[in-house]
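Trainee: Please take me through a structure feature by feature, giving the general idea first and then the case at hand.

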Amino acid sequence: MNNIRHAVILVHVMTCIQGASIGEGIFRKIVTTCGRPEIKNIMQNLTVQPGDTASFRCTINMKCLVSYIQWYHEMNNGTMRLLRTAKSNGNPYKFTITEVSPLDEGFYTCIAGNTMGETVSSAYLQVNSSPASLFFSSQLLLLGISLIDVIK
């Protein structure tokens with residue numbers, strides 16, 4: 001029995017000398033065979049009124065290693081803006097917009113990634129405006145003025 005114990009200890013010592021513990025070897029095996037992160041839910045498109053709160057959820061299966069979760073907003077003019085990274089405060093699986101305005105309209109995208117790849121889920125936020133504000137916005141566009149120029 002003592003010979004078996006000594007053999008196990010010797011194997012562990014040899015493994016550590018070669019630069020990796022047994023635990024690291026198992027961890028490497030799990031990570032390399034797992035694959036890219038899996039987003040478990042389908043994000044839902046939302047339609048809200050100005051001043052409302054809109055929330056998007058990105059539920060990620062943590063079976064695989066997740067290196068990062070990022071949230072992006074693609075505005076209607078095609079501009080893409082990074083909203084949240086791992087360094088941001090708050091829940092990384094949820095993005096909430098309080099006091100929604102027409103400028104918040106567009107696609108919201110959650111990206112979960114690791115060394116094996118990325119998984120993406122997106123949903124569209126539509127902000128309904130009152131008929132008067134729609135009329136005002138359309139009149140500005142006819143004059144060649146964007147709502148962003150008016151706000152500036």
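Mentor: We begin with a cut-off: a residue counts as buried under 20% relative accessible area, as exposed over 50%, and as partly exposed in between. Please keep in mind throughout that this is a predicted model.

Trainee: In what order do the strands of the open sheet come?

Mentor: As a general idea, the strands of a sheet pair through backbone hydrogen bonds, either parallel or antiparallel. Here 5 strands form an open sheet in the order E2-E9-E8-E5-E6, with mixed pairing. The edge positions belong to strand E2 (46-48) and strand E6 (80-84), each of which pairs on one side only. If direction is ignored, neighbouring strands of this sheet are turned by 25° against each other on average.

Trainee: How many bridges join strand E5 to strand E8?

Mentor: There are 8 bridges between strand E5 (residues 68-75) and strand E8 (residues 106-114), and the two strands run antiparallel. As one example to trace on the model, Met75 has Gly106 in E8 as its bridge partner.

Trainee: Which residues make up the covered face of E7, and which the uncovered one?

Mentor: In a regular strand the side chains alternate between the two faces of the sheet. In E7 the covered face consists of Phe95 and Ile97, and the uncovered face of Lys94 and Thr96. This strand is joined to E3 by 4 bridges, the two running antiparallel, and Thr96 in E7 stands opposite Ser55.

Trainee: How many aromatic pairs does a search of the whole structure find?

Mentor: A pair of aromatic rings is described by the distance of the centres and the angle of the planes. The search finds 4 aromatic pairs. One of them is the stacked pair of Phe56 and Tyr108, at 5.1 Å centre to centre with 20° between the planes. Phe56 lies in strand E3 (residues 54-57) and Tyr108 in strand E8, so this pair ties together parts that are 52 residues apart in sequence. Phe56 is buried, at 2% relative accessible area, and Tyr108 is buried at 1%. Phe95 and Tyr108 also form a stacked pair, at 6.1 Å centre to centre and 25° between the planes; this pair links Phe95 in strand E7 (residues 94-97) with Tyr108 in strand E8, 13 residues apart. Phe56, Trp71, Phe95 and Tyr108 together form one aromatic cluster.

Trainee: Which backbone oxygen does the side chain of Asn114 reach?

Mentor: The side chain of Asn114 reaches the backbone oxygen of Gly35 at 3.0 Å. Asn114 has its place in strand E8, and its relative accessible area of 10% is under the 20% cut-off, so Asn114 counts as buried. Not counting residues up to four places away in sequence, Asn114 touches Gly35, Arg36, Pro37, Cys64, Leu65, Ser67 and Tyr68.

Trainee: Is Ser121 buried or exposed?

Mentor: Ser121, in strand E9 (residues 117-127), counts as buried at 11% relative accessibility. With residues up to four places away in sequence not counted, Ser121 touches Ile39, Asn41, Met43, Tyr108, Thr109 and Cys110.

Definitions and conventions:
Residues are numbered from 1 along each chain as its sequence is written. This is a predicted model: local features need pLDDT of at least 70, side-chain atom pairs count only at pLDDT 80 or more; totals for chains, interfaces and linings use all residues. Side-chain values use heavy atoms; hydrogens and water are left out. Two strands pair if DSSP finds at least two bridges between them. Axes are lines fitted to C-alpha atoms, for helices over the stretch in contact, and angles run from 0 to 180 degrees between N-to-C directions. Rings of Phe, Tyr and Trp (its six-membered ring) pair if their centres lie within 6.5 Å; planes under 30 degrees apart count as stacked, over 60 as edge-to-face and the rest as tilted. Buried means under 20% relative accessible area, exposed over 50%, partly exposed in between (1.4 Å probe, protein chains only). A polar contact is a pair of N or O atoms within 3.5 Å; within protein, one must be able to donate a hydrogen and the other to accept it, and residues adjacent in sequence count only if both atoms are side-chain atoms. Contact means heavy atoms within 4.5 Å.
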